[in-house]
Amino acid sequence: MDGERRKILRFIGKGSVLAAFLAQIGAAGRAFFPNVLYEPPSRFKLKRPDDYPDGYTLDEAHRLYVIRQKEAFHVISAICTHLGCNVQWRDTEFDCPCHGSRFRPDGTVISGPAPRPLDWFATTVSPDGFLEVDSGKDVARDFRLVIGGKGQA
Amino acid sequence: MGDKIKALWRKTSWAWSPESERESSEAIVKNFWLHWFPAKVARASMDWNYSFWLGTASASLLLILTITGVMLMFFYVPSTERAYGSIKDLQYAVSFGRLLRNQHRWAAEGMVAVVYIHMARVFFTGAYRGPRAVNWVVGVVLFLATLFLSFTGYLLPWDQLAFWAITVGTSIAKQAPFVGPTIQFILLGGHEIGQQTLLRFYVLHVFFLPVLAWVLFAYHMWRVRKDGGLAAVERVRNERVMAPKATPKTKSYSLFGLTPGTSVQVMSSTGLEESDQVFSSPNMSRRIALVFLVVFNITLLAAILFNAPLEGLANPSVTPNPAKAPWYFVWLQELVASTTVRFGGYTVSGALLGGILLPGFLLAVLTLWPWLDRSPLRAGGRWLAPERKRQNLTFAIATLAIIVLIMVGVYLRGPYWRIYWPGQPRPETPRLY
């Protein structure tokens, strides 16, 4: 009876030390998952619609293409869906310099390793008249932002 | 005075140039640097043409890399704003800084090659069978550590190569089933490449991976002794038609004979006849010193003749065209570029197939090979034993395939990763980086 109690106490003693040790390892591991990120927001402003000429314009800072067809605008991501390099617009298609993926003007895949089409980002005009892109929000391939008058919403 | 200096020199160096058999034996017991060697080693394992001393060369490179690496740490600042500048300082402002960085870079690339060739040597001599299987696995992990050290190393200058290698590398990690996005998040320290990313790879490069490499190296050496020396010993034993002797009890580790198994012997553990053995000091100690000096001088010569590459400052807006990985990863770049498969409406990305599944499969086969291998045990310790023809061919073909992929990637790929045959004109691409 006495031996039994000793065994239980020993189990609790060793067990709690071990549990504390494992918990500390877990806590140290948790520290590697940042709680605060100093990253730019996924929703950001570009230039005014009228600042873009007709055709494909690269926005280097945001790694995307603004495409203007008269008064209709849409925005396609320049980030390759394969492994994240910047695709380049070459008059008739997008080409990737890292692994050779090729995309049609609407971002769908012609050939190469890219598993899916380039992303289309939701685009609006901000109240103060700038194009505003939400890179966290994909839209369908027929999305167009049509702007009446002189480029003001 | 002169006599005193001479006596002091003799006192510190006698273990390396023993003048009697007794001194040879005592050298091992009394010298800190030599105490981890057996007093005697098999003559066969000293043969230059058996092992080519590639393991010693690998260890020499690890030592050179550790020393030059620690020295580089005095000048390098792991900050996205200052890293590139500190490399430029090493190149142009620090006396011999360029030489130091060059030697670190060429020793690193050399180590990838030498460790692989060492592994090939062990394979082609069938030296991973029986108890040596464990050391083979340790060796595979050491090879991986070498690759990860190289990868984390060329990220640190924060040039274009670094930025796009992190982009591609962590995007491949993201493709891992289930845990991929978490791995990418923890490697980057966020969703985008930034200061946290550089700091994480820096600490991996200067602390965790080197410590792993050194600890595994120590274990690798310890296992070589526990397993009875190089596999060449087995060959000699077979030639002499000797049954392996029970290893003698020794004074140092099993005084009362309490420990079962093979102890780390002060005397020979090879169980060979006297005539097949030589004293470690000076036969092995001097060869090791010679190999180290040769390896050191080759890396130094390379550092004097060739500059380590440094691309433009990291620029997330512009991907170099083409963006090529260093030669030892180009075959993986070829794999991820060409293994996307589509059936029906379903697509498996090359990033998963060529970046994770295929390399993972190769690694699994490589690791488990000693247990998949059914060649006769006595074929071990000999180069290209006819009994191991199938095994050796398999390894040779796999190696050749990797070399072909590297050649294609390095020499034939041009802008937009298209194939350009030699002589075929390559289009001019703007070099904005």
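Predicted model: local features only at pLDDT ≥ 70, side-chain atom pairs only at ≥ 80, totals over all residues.
Two residues are in contact if their C-beta atoms, placed from the backbone, lie within 7 Å.

**First stop: two helices of chain B.** Select helix H7 of chain B, residues 133–155, together with helix H14 of chain B, residues 350–372. Their axes lie 9 Å apart and pack at an angle of about 170°. Because angles over 145 degrees count as roughly antiparallel, H7(B) is described as roughly antiparallel to H14(B). Next, display the side chains where the helices touch: Ala133(B), Trp136(B), Val137(B) and Val140(B) belong to H7(B), and they meet Leu366(B), Thr367(B), Pro370(B) and Trp371(B) of H14(B). This contact comprises 7 nonpolar residues, 1 polar residue and no charged ones.

**Second stop: the side of chain B that touches chain A.** Now show both chains. The contact draws 32 residues from chain B and 22 residues from chain A. On the chain B side, H8, H13 (327–338) and H14 each supply at least two residues. H8(B) gives the most, with 5 residues. By type, this side of chain B divides into 15 nonpolar, 15 polar and 2 charged residues.

Then centre on Ala162(B): beyond its neighbours within four places in sequence, its contacts are Tyr154(B), Leu155(B), Leu156(B), Pro157(B) and Ala314(B).

Terms used: Residues numbered from 1 in each chain as written. Chains lettered and ligands numbered in written order. Axes fitted to C-alpha atoms, helices over the stretch in contact; angles between N-to-C directions. Helix = DSSP H or I, 4+ residues; strand = E, 2+ residues; numbered from the N terminus. Parallel < 35°, antiparallel > 145°, perpendicular 65-115°, else oblique. Nonpolar A, V, L, I, M, F, W, Y, C, P; charged D, E, K, R; others polar.
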